[in-house]
Amino acid sequence: MTPDDIEEATGFADLGLRPELLRALAGLGYEEPTPIQREAIPPLLEGRDLLGQAATGTGKTAAFALPILQRMAEIGAGGERPKALVLVPTRELAVQVSEAVHRYGRDLGARVLPIYGGQPIGRQLRELQRGIDVVVATPGRALDHIGRKTLLLDDLAMVVLDEADEMLDMGFADDIESILQETPEGRQTVLFSATMPPRINSIARQHLREPVRIEIGREPTVPGEGPLVRQSAYVVPRAHKPAALGRVLDVEAPEATIVFCRTREEVDTLTETMNGRGYRAEALHGGMGQEQRDRVMARLRSGTADLLVATDVAARGLDIEHLTHVVNYNVPSAPESYVHRIGRVGRAGREGVAITLAEPREHRMLKTIERVTKSRITVEKVPTVADLRARRLELTRSALEESILEDDLEHFRVVVDTLADEFDVMEIAMAAVKLAHEASGAAADEEEIPEAPLRTERDGRTRREGAGRDERRPPRTPTRGMTRIFIGAGRSAGIRPQDLVGAIANESSLSGRDIGAIEIADRFSLVEVPDPAAEDVIAALRQSTIKGRKPTVRRERFQAR
Ligand code: AMP
C-alpha cells in the first residue's frame, strides 16, 4: 500500500479517525465512507449517544465498530473486563460483527469475542478470563454469562444494540432490559434498527441520552426527469453471485455494462473471475494511476472490453456513450448512490437497464430504495439452466438460418446425398444441428444457481447463505498434443469457425488442417492448435483483428493437466 492509498481514504480521515484505522480501511479497499458512516462517526467519536435507522447493506457495522475501536485506543486496551458490548439478534451476526471489528482493529490489537448460544460455554469462559476488549453477543447467552459472573460489565464505556427491531421480534426485550441494568450509568449507547416501531422509540427514550438521530433514506430522492430505466433485482446467495452475473449477462446480451462493487478488492476479484468465465472485463478503481485508467477507458470505448467493473469513486465523472446496463453487484449503501449509478444509462431517450444483485438479508435496503426513489424494482428469477439452454438453442437456430441464407452450401450436398440413401433427411438434419450446437460452446457453466427467497419479517431468522464453493466451468480435456486458446469474442460478435480458421491461417504458419476443435460460445471462442505452435498463434492473433475487433487472446486457463 502506498501513502497515496491512505491519502485516498481521506473521506475517512476527515471524520477524525486514527491513522491505524485509516490504514486498515485502505487495506480493505474502502474508498470512501458510506452516508451512514459520514453521519454517524463524528458524533460517536465525540461520545454522543445515537439512534440510527439503517438496514443491512448501509455500512452500519463500520459506523459503530470504528468509533468503538477508536475509543478502545484512547482508553488503552488491556485489562480483563470488556470496554464495549455489542448486542445482536443472531449468531451469524455475532460472528460477522466480531470479524469486522477484528479486521478494522488489526493495527490496534483490540481483542474481540463473539458469544452466542449453541457454542460450548467452556471456550467462551476461557477467552473471557484471559481478558477481552469488545464482546459481541446474542442477548440470551450474554445474560447467561452475566448470571455466572463470567461477563462483568462494570468497565463498559460503550453499548451497541444492533438490529434492535429484530431482537425485539425474537422476544429479547426483557433480556436487553436486564443487560442494560448491569451497565454503568455513564456509558455511551448506540441503537441501530431497520425500522422504528414505538417499542424501539420507548427503549431509546429510556436508555439513550439526547441521542443524535440518523435516518438513511429519509429524504425523497427524486431524480427529476427520471431516466428511462428498466429496473430489476435478483436475490442470490453470495457464493453464487459471479455465476448469476454471468447468467444474467448472457440472457441480457448488453452492449456495454458497468458493474459497481463496494471495494477495490471486490473489483479486482470480480474482474478476474469474469475474465476467467470468458467475459471481457476491465477493472477501474481509485488505486489505479491516471494512465492505467485512460487505458481501461480506451479499451471500453473501442469495444475491446464490454464489462467495466468499478467502485463509485473511480466511476465518478465518467461518461460512457454506449452504456446500456448498470449492475449493482451489491445493494448500494444509500438510495442516493442507487439513483446516481442508474442515471448513467437510459440517456437520450434510449432504454437503459439497471440490475441489482441482492443477498437475502439485504431486502430491506431494496425496499427503502424503492420507496425513496419512488420507482419499482422488479425482483426476478435468475435464468435457470433450462432458460439458458433454450436461449442457446435459439442461437444455434439463428446461426443455421444465417448459414442457409448466406453461405454456399453446395459443397456439403454430397454428404447429405449419401446419407439420404440410408436415413431420413430429418434425421440427418437433426444430427447436423446437434453437432453444430455442440461445436458452438455449450461448454459454458451449466450449474443451477439456487434460488434464494427474499427474507421477509416472518422468515427473518433463517439467514442461510450458499456454501462458499468456487464454481468454474468444468475443465474439459483438450485433445492430446493440442493447446486450447481462448479468444474473447464469440457468437454475439458475429464470430464463426471460418473466421477463426481464416485469422489463424493468415497470421501464423499453420494451415487450416493443423487447427483442431473449435468451440464458439456467445461471448468467447476456444480453438485448439498444436502445442509447439501455441505461442506463435497467440502472438500473431494479438497483432491482428478478427471481424474488426481486437479481442483478448490467451491460453485457456482451465485446461486439465
Ligand atoms: P453492513 O451494512 O454493515 O452489513 O455492511 C455492508 C457491507 O459493506 C460489508 O460487506 C462491509 O464490509 C461493506 N462496507 C462497509 N463500509 C464500506 C465502505 N465505506 N466502503 C466499501 N465497503 C464498505
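Which backbone atom of Glu32 lies 2.8 Å from a nitrogen atom of the ligand, by element N or O? I found that the model places a backbone N or O atom of Glu32 at that distance, 2.8 Å, from a ligand nitrogen atom. I count a polar contact as a pair of N or O atoms within 3.5 Å; within protein, one must be able to donate a hydrogen and the other to accept it, and residues adjacent in sequence count only if both atoms are side-chain atoms.

**Basis.** I worked from a predicted model, in which local features need pLDDT of at least 70 and side-chain atom pairs count only at pLDDT 80 or more, while totals for chains, interfaces and linings use all residues. Residues are numbered from 1 along each chain as its sequence is written, and side-chain values use heavy atoms, with hydrogens and water left out.

I listed 14 residues around the ligand, the closest being Tyr30, Gln37, Gly57, Gly59 and Thr61 (a heavy atom within 4 Å).

**Aromatic pairs.** I counted three aromatic pairs (ring centres of Phe, Tyr or the six-membered ring of Trp within 6.5 Å; planes under 30 degrees apart are stacked, over 60 edge-to-face, the rest tilted). Tyr30 and Tyr104 are edge-to-face, at 6.0 Å centre to centre and 70° between the planes. Tyr30 sits in the loop between helix H3 and helix H4, and Tyr104 in helix H6, 74 residues apart (helices are DSSP runs of H or I, at least four residues, and strands of E, at least two, numbered from the N terminus). Tyr104 is buried at 4% relative accessible area (buried is under 20%, exposed over 50%, partly exposed in between; 1.4 Å probe, protein chains only).

I then looked up Phe486 and Phe524, which are stacked at 5.6 Å centre to centre with 20° between the planes. Phe486 lies in strand E15 and Phe524 in the loop between strands E16 and E17, so the pair ties together parts 38 residues apart in sequence. Phe486 is buried at 2% relative accessibility, and Phe524 is buried at 5%.

**Thr324.** I located Thr324 in the loop between helix H15 and strand E12. Its C-alpha is 5.8 Å from that of Val345, 21 residues away in sequence.
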